[in-house]
Amino acid sequence: MTIILYDLAAADDRIRFSPYCWRTKMALLHKGLEFETIPWRFTDKETITPSGSTRVPVIVDDDKWIADSWKIALYLDETYPQRPLMDGDAVRSLCKFVNSWCDMSLNKALRPLALLQVVAILQGKDADYFRESREARLGMSLEASCADQSAAHTSLIEVLAPTERHLSDQSFLGGGSPNYADYALLGSLKWLHSLTGDPPLASDSAMQMWFDRMLDLFDGYARRAPTAQS
Ligand SMILES: N[C@@H](CCC(=O)N[C@@H](CS)C(=O)NCC(=O)O)C(=O)O
């Protein structure tokens, strides 16, 4: 049975830029499950009402609706134990930490590099909703929050210092092969990549080499996905 994934899209259906939906797509690919994505926009709330959520990713698997990228990852490992995303309690626990670090630290550092680019690829009521909701949350205009791009680049390098060190002598956060921690990290960087075509990583960095490896996975699925610049 094909799993349905509601996947955040720009005005152009082909541009899929949600960091959380990217986690879920990579997780589904890792498990080798068949899935179909449905383009979803910020104001399409009714279409995902059965999930009990107003946010994506949402999956529908055999009439079961599941929302939230972390809950979806747990559901997939429980329901389809082959090719685990998180093999055992200890790995699951560390992946949960990486997931929270991406949500709370990395995505925050990426925001000033991403928010204005998001408005630029939305249209009409979605662009209005995104601007109003984010400005209310930030307590300032998007322009003000994105004003200092140079400081934002410096913060991003600082936030990524631990992953740079971690990846300097191994291929993936998970070790010799990727696990859900890699997909959480990829999701965040793929957010910026989908918007700008280029996450700002130094070309000789361990992070850039890791990012290239991640884009190559699953026949280059994440590399082939169109960006707002392609
Ligand atoms: N904790 C959730 C976060 C999901 C989330 O924030 N999704 C965004 C898209 S990137 C969304 O649907 N936003 C809808 C809105 O802002 O109304 C997860 O991991 O799935």
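**Overall fold and helices**

A: Buried residues make up 34% of the 230 residues in the chain. A residue is buried if 20 or more other C-beta atoms, placed from the backbone, lie within 10 Å of its own; 12 or fewer makes it exposed, and in between it is partly exposed. This is a predicted model: local features need pLDDT of at least 70, side-chain atom pairs count only at pLDDT 80 or more, and totals for chains, interfaces and linings use all residues. Numbering starts from 1 along each chain as its sequence is written.

Q: How many helices and strands?

A: Nine helices and four strands. They are DSSP runs, helices being H or I with at least four residues and strands E with at least two, numbered from the N terminus. The order is β-α-β-β-β-α-α-α-α-α-α-α-α. The radius of gyration is 17 Å, close to the 17 Å the globule rule gives for 230 residues, so the chain is as compact as a globular protein of that length. That radius is taken over C-alpha atoms, and the rule is 2.2 Å times the number of residues to the power 0.38.

Q: Is α1 mostly covered or mostly open?

A: Mostly covered: eleven of its 13 residues are buried. Among them are Tyr20, Trp22, Arg23 and Lys25.

Q: What do they pack against?

A: Strands β1 (3-8), β2 (35-40) and β3 (58-61), plus helices α2 (69-79), α3 (89-121) and α8 (180-196). Contact means C-beta atoms, placed from the backbone, within 7 Å.

Q: And what comes just after α1?

A: Gly32, with a positive phi of about 70°.

Q: New topic. Which residues come nearest the ligand?

A: Ser18, Tyr20, Arg55, Asp68 and Ser69, out of 13 around it. The cut-off is a C-beta atom, placed from the backbone, within 6 Å. α1 and α2 each supply at least two residues of that shell.

Q: How does the shell split by class?

A: Seven nonpolar, four polar and two charged. Ala, Val, Leu, Ile, Met, Phe, Trp, Tyr, Cys and Pro count as nonpolar; Asp, Glu, Lys and Arg as charged; the others, Gly among them, as polar.

Q: Now α9. How far apart are its ends?

A: Only 22 Å between end C-alpha atoms, short of the 27 Å a straight helix of 19 residues would reach at 1.5 Å a residue. The expected span is 1.5 Å times one less than the number of residues.

Q: Where is the kink in α9?

A: Centred on Phe218, at about 125°. The bend is the angle between axes fitted to the seven residues ending there and the seven starting there.

Key
Two residues are in contact if their C-beta atoms, placed from the backbone, lie within 7 Å.
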